[in-house]
Amino acid sequence: MPPKVENIATLIAKRDIAIASLDELYEEFNMLYQGEPELIALENVYKEIAIRFRSVKKQQTTIAERLIESGETESAEMSANKQIGDKVKSDYFKCSERFIVYKKKCYAEKKPSSDHKKLEAMTCAVTKMADVLSSQRNTNHGLEKLSVPNWDGIRKNYATWKCEFNYWMEKYKQDKDEQLQRLRKALPKNSFWANQVRPSQTIDQAWKILDTEFGDQRKLMDGLLKEITNLKPIKSDSTSLSRYAATILGFVSIWSKSVVR
């Protein structure tokens with residue numbers, strides 16, 4: 001069934017009703033405008049006006065098209081329809097201009113207060129952040145300075161490294177859990193002994209694993225003697241002799257630390 005086609009008289013009547021409704025909204029808008037209301041109240045009325053205006057424009061266009069189809073392009077109805085459309089457009093533009101001016105005024109009055117509140121909120125946030133950072137610095141002051149020595153995995157350096165490691169742990173009062181975490185990080189990455197220590201639940205368990213292998217004085221002595229045996233032949237000049245003596249003293253020092261440990 002084809003849609004019902006309304007005649008021009010019906011379309012004009014509906015247009016006039018819509019314009020009357022639009023005029024009532026203009027009156028409401030003007031009353032609110034004079035009372036300097038909250039922007040949101042005026043904006044709601046303006047949105048309704050915009051919707052009604054588009055509806056009237058659509059009706060006006062439909063009437064003009066129907067008049068053209070009927071061959072009444074020069075009729076009084078066509079002229080009246082155009083004049084009504086121009087007036088509706090003019091009234092809408094005036095209303096829009098007043099709304100835009102009022103909106104700018106509200107924003108101008110509100111902006112300093114809004115900016116001030118934003119500045120206060122930002123200042124408060126920055127202050128809190130500074131307090132937190134300051135607290136963290138005070139709490140972790142020792143950790144910031146703490147530089148834990150890493151072990152290279154070489155047997156002869158184990159005793160010296162262990163002494164240095166324990167010195168820093170004691171100096172900065174690291175608890176047992178912290179010591180265990182630092183010990184894991186100080187071992188050679190992906191090494192066999194690092195993997196052996198990783199499952200340890202306590203620092204004492206970790207040291208026991210390492211001491212069993214690297215605290216063995218017999219293995220240490222065998223390694224030192226092997227290095228001495230593999231030293232290059234010594235020249236008879238004083239520099240070579242001094243270097244050889246320093247090397248031997250270094251081995252003696254390493255051995256002494258392992259015994260004292």
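1. In this predicted model, the lining of the largest pocket comprises 5 nonpolar and 5 charged residues, with no polar residue. The space in this largest pocket amounts to about 210 Å³. Its lining has 10 residues, of which Pro-37, Glu-38, Leu-39, Cys-106 and Glu-109 are the closest to the centre of the pocket.

2. The element that gives the most to the lining of the largest pocket is helix H3 (residues 76-139), with 6 residues.

3. Turning to helix packing, two packed helices are described by the angle between their axes and the distance between the axes. For helix H5 (residues 158-171) and helix H8 (residues 203-214), the axes come within 11 Å and cross at roughly 155°. H5 is therefore roughly antiparallel to H8, since angles over 145 degrees are classed in that way. The crossing of H5 and H8 is left-handed.

4. The contact of H5 with H8 involves Tyr-158, Trp-161, Lys-162, Phe-165 and Asn-166 on the H5 side, and Trp-207, Leu-210, Asp-211 and Phe-214 on the H8 side. By class, the residues of this contact are 6 nonpolar, 1 polar and 2 charged.

5. Helix H6 (residues 176-186) also packs against H8, at an angle of about 40° and with the axes 8 Å apart. This angle makes H6 oblique to H8. Here Lys-176, Gln-179, Leu-180 and Leu-183 in H6 meet Ile-203, Asp-204, Ala-206, Trp-207 and Leu-210 in H8. The residues of the contact of H6 with H8 divide into 6 nonpolar, 1 polar and 2 charged.

6. H5 and H6 pack against each other as well, with an angle of about 145° and an axis separation of 11 Å. The crossing in which H5 passes H6 is right-handed. From H5, Trp-161, Phe-165 and Met-169 take part, and they meet Gln-179, Arg-182, Leu-183 and Ala-186 in H6. The residues of this contact are 5 nonpolar, 1 polar and 1 charged.

Note on methods. Residues are numbered from 1 along each chain as its sequence is written. This is a predicted model: local features need pLDDT of at least 70, side-chain atom pairs count only at pLDDT 80 or more; totals for chains, interfaces and linings use all residues. Side-chain values use heavy atoms; hydrogens and water are left out. Axes are lines fitted to C-alpha atoms, for helices over the stretch in contact, and angles run from 0 to 180 degrees between N-to-C directions. Helices (H or I, at least four residues) and strands (E, at least two) are DSSP runs, numbered from the N terminus. Angles under 35 degrees count as roughly parallel, over 145 as roughly antiparallel, 65 to 115 as roughly perpendicular and the rest as oblique. A crossing is left-handed if the near helix is turned anticlockwise from the far one by less than a right angle, and right-handed if clockwise. Contact means heavy atoms within 4.5 Å. Ala, Val, Leu, Ile, Met, Phe, Trp, Tyr, Cys and Pro count as nonpolar, Asp, Glu, Lys and Arg as charged, and the others, Gly among them, as polar. On a 1 Å grid over the protein atoms alone, a cavity is a set of points where a 1.4 Å probe fits but cannot get out, and a pocket is an open set with protein on both sides within 12 Å along at least five of seven lines; lining residues have an atom within 4 Å of a point. Grid points are joined across faces, edges and corners, and a volume is the space filled by probe spheres set on the points.
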